[in-house]
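Subject: Structure handover and notes

Hello,

Here is the structure I promised to pass on. My notes follow below it.

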Amino acid sequence: MTMRTRPLGTTGPQVSALGLGCMGMSALYGEADRTESVATIHAALEAGVTLLDTGDFYAMGHNEMLIGEALRAAPAARREQALVSVKFGALRGPDGSWLGYDGRPAAVKSFAAYSLQRLGVDHIDVYRIARLDPDVPIEETVGAIAELVEQGHVRHIGLSEVGAETIRRAAATAPVSDLQIEYSLISRGIEDEVLPTVRELGIGITAYGVLSRGLISGHFTADRQLGAGDFRAMSPRFQGDNLRHNLNLVEALRKIAEQKGVSVAQIAIAWVLSRGEDIVPLVGARRRDRLTEALGALDVTLEPADLAAIEEAVPAGAAAGDRYPAAQMAHLES
């Protein structure tokens, strides 16, 4: 496996062809082992992964502190290659509840100050609000990040889960390097308007959910028991008839993967990689074995016949159920 690089938009850095999404090491997908999480981050850096993604609200700062711990313990050369992307703005209660989003300029700068401390770094490589604050114009939020760039605290401006109009308004305010948004075989909503818009503006994509939270990894089964703190226990795609329908899609994909001698997860990640050099998939591996499997996608070449077979097996719009529960879908822009 040779780690390639891809541009994070025309204004951003070159990053590894795959990034590591670290959220699951702290929250939302059940218990994770801290020692194994740190070891997985180190293994990713050793393999040439440069982009580490987190959010300041992932277990209320736990994930940032975990990444900071891993970076401090990494060899200097590996630590220096790491580029950290941080989402901010999601408000949490002591009980873990979600209280909305805050994109006010003063809040942006305050969030950044805490993130820098928890991560133990002198700058954040890509900084973005997790969801649009409906009460604050995106120009004000992006303008505050631009001030942090001028002051050296942030290197690049990002966006997350916003629609085409907001992307244009943000890009007219300051240079935006990339948009982080869900994109996978069964989450293709960006293809109609968002993807053409970012390509017109020279903005890259960091794609999260490329395995749809494990649903299309090939490892999830219908009888799997999910804990109360596991996001998937509330996700529409993991419920009842929706789950059975979606796992049938996975089995159709498995047949294609087996013909190529690769895993379901690898072919699903390879499909996202095939969508363009301006798209960097984030893999949410929490263990070294899952990381190794994900990195194997870099060696998978999808020929036109493979892509046609995948399209037939899992056509756009084939998934049953929304990406998030209704209350959270309300915070997403189409």
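Is Lys109 buried, partly exposed or exposed, and what is its relative accessibility? Bear in mind that this is a predicted model. Lys109 has a relative accessibility of 31%, which means it counts as partly exposed.

Salt bridges

Lys109 is paired with Glu147 in a salt bridge, with 2.5 Å from N to O. Because Lys109 belongs to helix H4 (residues 105-119) and Glu147 to helix H5 (residues 138-150), this pair ties together parts that are 38 residues apart in sequence. Glu147 is partly exposed as well, its relative accessible area being 34%. In general, side chains of opposite charge can pair when their charged atoms come close. The count for this model comes to 20 salt bridges.

Another of them joins Arg6 and Glu277, whose closest N and O atoms are 3.6 Å apart. This pair links distant parts of the chain: Arg6 sits in strand E1 (residues 5-7), Glu277 sits in the loop between H9 and E12, and 271 residues separate them. Arg6 counts as buried, since its relative accessibility is 3% and the cut-off for buried is under 20%.

Arg254 is partly exposed at 23% relative accessibility, and Glu251 is partly exposed at 38%. There is also a network of salt bridges that links Arg188, Glu191, Arg275 and Glu311.

Aromatic pairs

The count of aromatic pairs comes to 6. One of them is Phe57 with Trp98, an edge-to-face pair with 5.8 Å from centre to centre and 75 degrees between the planes. Phe57 is in the loop between strand E4 (51-55) and helix H2 (62-73), while Trp98 is in strand E7 (residues 98-101), so this pair links distant parts of the chain, 41 residues apart. Phe57 is buried, with a relative accessible area of 8%, whereas Trp98 is partly exposed, at 41%.

Phe88 and Tyr127 form a stacked pair, because their ring centres are 4.4 Å apart and their planes are at 25 degrees. Phe88 lies in strand E5 (residues 83-88) and Tyr127 in strand E8 (residues 124-129), so the pair ties together parts that are 39 residues apart in sequence. Phe88 and Tyr127 are both buried.

Ring pairs link Trp98 with Phe57 and Tyr58 into a cluster, and Arg92 lies over the face of Trp98, at 3.9 Å from the ring centre.

Nonpolar cores

The largest nonpolar core has 95 residues. Among the residues with the most contacts inside this core are Leu20, Ile41, Tyr127 and Ile269. The helix H9 gives the most to this core, with 9 residues. A second, separate core has 8 residues, including Leu8, Leu83, Tyr208 and Val280.

What is Leu20 in contact with, leaving aside its neighbours within four places in sequence? The list includes Met25, Thr40, Ile41, Ala44, Val49, Leu51 and Leu52, and also Leu282, Val283 and Ala285.

Helix H10

Which residues of helix H10 (residues 288-295) are buried? They are Leu291, Glu293, Ala294 and Leu295. These buried residues pack against helix H1 (34-46), helix H9 (264-273) and strand E12 (279-283).

Gln81

Gln81 lies in helix H3 (residues 76-81). Leaving aside neighbours within four places in sequence, Gln81 is in contact with Leu45, Gly48, Val49 and Thr50. The side chain of Gln81 reaches the backbone oxygen of Leu45 at 2.7 Å. Val121 is 40 residues away from Gln81 along the chain, and the C-alpha atoms of the two are separated by 13 Å.

Regards

Key: Residues numbered from 1 in each chain as written. Predicted model: local features only at pLDDT ≥ 70, side-chain atom pairs only at ≥ 80, totals over all residues. Heavy atoms only, no water. Buried < 20%, exposed > 50% of the residue type's maximum accessible area, 1.4 Å probe, protein only. Helix = DSSP H or I, 4+ residues; strand = E, 2+ residues; numbered from the N terminus. Contact = heavy atoms within 4.5 Å. Core = buried A, V, L, I, M, F, W, Y, C linked by side-chain atoms within 4.5 Å. Salt bridge = Lys/Arg side-chain N within 4 Å of Asp/Glu carboxyl O. Polar contact = N/O pair within 3.5 Å; in protein donor to acceptor, adjacent residues only side chain to side chain. Phe/Tyr/Trp six-rings, centres within 6.5 Å; stacked < 30°, edge-to-face > 60°. Lys NZ or Arg CZ within 6 Å of the ring centre and 35° of its normal.
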